[in-house]
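I opened this entry to keep track of what I looked up in the model. My notes follow in the order I took them.

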Amino acid sequence: MPTAAASAGATQEALPSSEVPTTNPYAALTIAPDETDVSDWQRACVSAMPSAPYQLQPLLTANSGPAAACARELALAAAQRTQGAGPGSAEAFAQSAQSLIYTASGADGTGSCAVGTMPVASTAQPLPPGITSTSSASAQGSCNKLTNTAALQVALPNTIAAQSRCGQRVDRSAVSPGDLVFWDYRDYAPTRVGIAVDRTQMVTSDPGSGQVVEEAIPTASDVRVKRVLKGSS
């Protein structure tokens, strides 16, 4: 859920692994339906608790490495290939982003980026055979890493709201290729997602044309950036 951004110039302090909870202490938290002192925002946060990962302070270091570089290459290639294509939707792009992140994450193990084997189009693209896509109805606990013969790859859920609960929050100063950008919140969940290609630009679906385009990362106060790809900083 949205939290206050790290202040400019702040230093991120890593929490000792022994202090990071191994189980979610808030998973069983509930609010009585007739409780009048609880806002809708608070109810939405409690609803997200069972599936949201533990959040440290926003990351202040940029991400690099084969997976991040591959995500950038795949996203830019997709925007070029799909010019003139459409119509598509934001949710269709989320399913395509799911495929792109899965493919890019494999570059850590193979050292290569299979551009052309998993394009992001204006319509949903499937995950590779044998990898089950997760629907919004069963999104809880679905921010998975699945092992194949090449590497440990990242398999995200296939809806924007579920994807927004995955990964670690990133400060705007550290946005890197492959980071997921969420914005346009409605009913306490984002309705748009993009894939960052550098600190200021991203690839996303255009709501008017349905095409996959490269554009500036929004600067509105409700923008949230999450890192789901591992790499080196």
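I began at Ala-196, which stands opposite Met-202 in strand E6. The model is a predicted one, and I read each pairing with that in mind.

**E5 and its partners**

I followed the pairing between E5 and E6. The two strands run antiparallel over three bridges. They form a hairpin, and four residues lie between them.

I then turned to the pairing with strand E4, residues 180-186. E4 and E5 are also antiparallel, here over six bridges.

How many residues of E5 are buried? I found six of the eight, so the strand is largely enclosed by the rest of the structure.

**Helix H2**

Next I checked H2, residues 66-81. I got 16 residues and a reach of 22 Å from first C-alpha to last, close to the 22 Å expected at 1.5 Å a residue.

I listed the buried residues of H2. Among them are Cys-70, Leu-74 and Leu-76, along with several alanines, including Ala-67, Ala-71 and Ala-78. What covers them? I noted E5 (189-196), E6 (201-205) and strand E7 (212-216). Helices H3 (90-105) and H4 (107-110) are also part of the cover.

**Helix H3**

I ran the length check on H3. Its 16 residues reach 22 Å between the end C-alpha atoms, close to the expected 22 Å. I recorded H3 as mostly covered, with 14 of its 16 residues buried.

**Gln-153**

I found Gln-153 in strand E2, residues 152-155. Is its side chain buried or exposed? I checked the residue as a whole: Gln-153 counts as buried because its relative accessibility is 5%. A polar atom of the Gln-153 side chain lies 2.6 Å from the backbone oxygen of Tyr-102.

**Ile-31**

My last stop was Ile-31, in the segment before helix H1 (40-48). I logged Ile-31 as partly exposed, because its relative accessibility is 24%. Setting aside neighbours within four places in sequence, I found Ile-31 in contact with Val-38, Gln-42, Arg-43 and Val-46. The C-alpha atoms of Ile-31 and Arg-43 are 7.2 Å apart, with the two residues 12 apart along the chain.

How values were computed:
Residues are numbered from 1 along each chain as its sequence is written. This is a predicted model: local features need pLDDT of at least 70, side-chain atom pairs count only at pLDDT 80 or more; totals for chains, interfaces and linings use all residues. Side-chain values use heavy atoms; hydrogens and water are left out. The expected span of a helix is 1.5 Å times one less than its number of residues. Buried means under 20% relative accessible area, exposed over 50%, partly exposed in between (1.4 Å probe, protein chains only). Contact means heavy atoms within 4.5 Å. Two strands pair if DSSP finds at least two bridges between them. A polar contact is a pair of N or O atoms within 3.5 Å; within protein, one must be able to donate a hydrogen and the other to accept it, and residues adjacent in sequence count only if both atoms are side-chain atoms.
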